[in-house]
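Keep the view open beside the text as you read.

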Amino acid sequence: MNRLKVMIIGSGVAGSILARRLSRLPALEVHCLEKVLPDDHSEAGTGLNVGPNAIKALQLTDPELAAQVLQASLPWDSWRLSLADGQVLFDLPLSQVADNPGIRIRWSELYRVLRQGAGEVIRYGAHVSSIAPSPTSPGKTCVSWTQEGVEHSLDGIDLLIGADGRYSQTRATFSGAPEPVHVGVAIIRTLVEDTSNGLIDDYAQWFNGPHRLLAFRVPPGHIYIAATFPVEKGAEIPDAWRTAEVMRQTYTPATGQPSPEMQWLLDAMCDHLSDSHWARMQESPVLFAEPLLPVMYIGDSAHGMAPTLGQGATQAIEDACVAATLVERAVAAGNLDVRSWLTELSDAREERIRFVMQLSLDATDTMLAGADPVAGARWKTEAPFLEKLSRLFRDVRFASDAQREAS
Ligand SMILES: Cc1cc2nc3c(=O)[nH]c(=O)nc-3n(C[C@H](O)[C@H](O)[C@H](O)COP(=O)(O)OP(=O)(O)OC[C@H]3O[C@@H](n4cnc5c(N)ncnc54)[C@H](O)[C@@H]3O)c2cc1C
């Protein structure tokens with residue numbers, strides 16, 4: 001049998017799931033290149049809250065893998081929002097807006113489980129030197145890389161998948177690097193040992209004006225903390241912010257009395273400022289497929305979004321589940337027309353992703369300059385927002401399923 005050559009660049013969240021699923025299809029010859037070594041977690045030092053929607057999608061697509069992910073995580077059951085002095089503004093059980101809990105997990109653990117699930121198809125320590133249209137087969141692509149000092153090349157690739165994250169080399173090669181759209185919020189993230197004696201557990205946020213701390217516990221005994229503060233859109237994060245003194249001033253309420261949770265988080269944050277991850281919230285334009293060449297993008301390479309609702313890795317999982325399902329169905333039906341797969345993926349995902357990006361942006365209102373957390377919390381307890389959250393967390397059906405049911 002003439003097998004289709006599939007090359008996946010990157011085995012992060014989306015690439016690992018897709019590598020696992022597609023490598024099981026006899027009609028496909030699947031290759032997956034990952035630049036880091038299996039135990040290199042330097043790019044995954046923090047925690048993640050992964051939405052109920054991703055867990056639902058994974059359970060529908062790959063129950064075995066979903067069970068392994070659940071085993072390495074804690075459930076995300078609620079969302080509490082308070083002021084810095086401890087006054088609770090809302091406390092939402094996710095069961096009100098979701099069919100199942102989300103999860104809290106160490107990022108490195110998520111990678112470990114997903115990469116193990118893909119097995120030997122992933123080639124680690126692969127440094128891609130060139131991604132290009134095929135010099136020999138028009139309409140196909142060619143990838144060259146070096147691994148352990150040896151140069152390799154794969155030509156005549158029928159489907160190239162850019163799962164190489166936010167700074168995707170694949171997307172930059174064919175479409176140019178996407179222009180980031182800044183939100184006007186800086187975010188500092190860190191993972192610390194849990195010495196809080198139970199003060200911090202499920203997903204919660206504390207606001208002092210527009211300045212927010214978010215935290216939750218992840219196994220095996222760590223607390224993930226993310227602090228945000230407004231910055232001018234596109235401007236660099238001022239160096240002056242990177243001191244414990246400024247952090248304390250910023251997050252301590254006017255009463256001078258932070259809640260015990262806030263005090264613990266502030267102390268922990270200040271002790272870890274130098275090894276924290278600093279970034280500016282940004283979005284990037286959506287693109288799931290190249291129009292002329294057989295190139296697919298999934299996860300962050302297809303769309304960057306504001307991290308406010310924890311939908312980055314979550315949508316990478318949804319993307320991978322949808323892409324895997326539609327390729328599996330097409331192959332089972334004898335359809336090896338890669339262009340039709342790309343069209344189906346874009347049709348299935350674009351509207352959903354734009355909805356998720358907009359909702360994430362809307363929910364960032366409390367973190368913008370001059371924001372009032374009390375007003376920002378209020379509208380999040382009202383029906384229109386809760387309906388959108390319910391759509392976000394529940395509506396993971398593939399577009400084609402919805403269409404089939406409707407017709
Ligand atoms: C500090 C931080 C905290 C976050 N918290 C959350 C959260 O709580 N919830 C949430 O849902 N999302 C969160 N996100 C976002 C989330 O991590 C990403 O959206 C998610 O990892 C995207 O998955 P992906 O598969 O597209 O890309 P990635 O997971 O980034 O994977 C890309 C992979 O490609 C590899 N790679 C890159 N370039 C190449 C190349 N040229 N050749 C070979 N391999 C390559 C990388 O090494 C990596 O393994 C967070 C992000 C950050 C930075």
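This is a predicted model: local features need pLDDT of at least 70, side-chain atom pairs count only at pLDDT 80 or more; totals for chains, interfaces and linings use all residues.

Begin with the ligand: 33 residues surround it, and the closest are Glu34, Asn49, Tyr111, Gln169 and Asp300. Residues are numbered from 1 along each chain as its sequence is written, and side-chain values use heavy atoms, with hydrogens and water left out.

A backbone N or O atom of Asp300 sits 2.7 Å from a ligand oxygen. For Val13, a backbone N or O atom is 3.1 Å from an oxygen atom of the ligand, and a polar backbone atom of Thr314 lies 3.2 Å from a ligand oxygen. On its own the ligand has 990 Å² of accessible area, and the protein covers 89% of that (areas come from the Shrake-Rupley method with a 1.4 Å probe).

Which parts of the fold build this shell? Helix 1 (13-22), strand 3 (47-50), helix 4 (107-118) and helix 8 (312-332) each put in at least two residues, and helix 8 gives the largest share, four residues. Helices (H or I, at least four residues) and strands (E, at least two) are DSSP runs, numbered from the N terminus. By class, the shell has 13 nonpolar, 14 polar and six charged residues; here Ala, Val, Leu, Ile, Met, Phe, Trp, Tyr, Cys and Pro count as nonpolar, Asp, Glu, Lys and Arg as charged, and the others, Gly among them, as polar. Domain 1 (4-180 + 283-406) and domain 2 (182-282) both contribute to the shell, so the ligand lies between them. The domain bounds come from an automatic or database assignment.

Next, the inside of the protein. In soluble globular proteins, nonpolar side chains tend to be buried together. In this model, the largest nonpolar core has 113 residues, and Leu28, Trp79 and Trp341 have the most contacts inside it. A core here means buried Ala, Val, Leu, Ile, Met, Phe, Trp, Tyr and Cys residues joined through side-chain atoms within 4.5 Å. Helix 8 turns up again, with the largest share of this core, twelve residues. Both domain 1 and domain 2 give residues to the core, so it lies between them.

Some single residues are worth a stop. Glu283, in strand 17 (residues 277-283), is buried at 13% relative accessible area (buried means under 20%, exposed over 50%, partly exposed in between, with a 1.4 Å probe and protein chains only). Pro260 is in helix 7 (residues 260-271) and is exposed at 55%, yet its C-alpha is 7.9 Å from that of Gly86, 174 residues away in sequence. Asp372, in the loop between helix 9 (338-362) and helix 10 (373-379), is partly exposed at 42%.

Finally, the backbone. Most residues other than glycine have a negative phi, and most peptide bonds are trans. Pro219 and Pro220 are joined by a cis peptide bond, with omega about 5 degrees. Glu148 has a positive phi near 50 degrees, and Asn197 has one of about 55 degrees. Glu148 is exposed at 78%, and Asn197 is exposed at 80%.

Note on methods
A residue is near a molecule or strand if one of its heavy atoms lies within 4 Å of it. A polar contact is a pair of N or O atoms within 3.5 Å; within protein, one must be able to donate a hydrogen and the other to accept it, and residues adjacent in sequence count only if both atoms are side-chain atoms.
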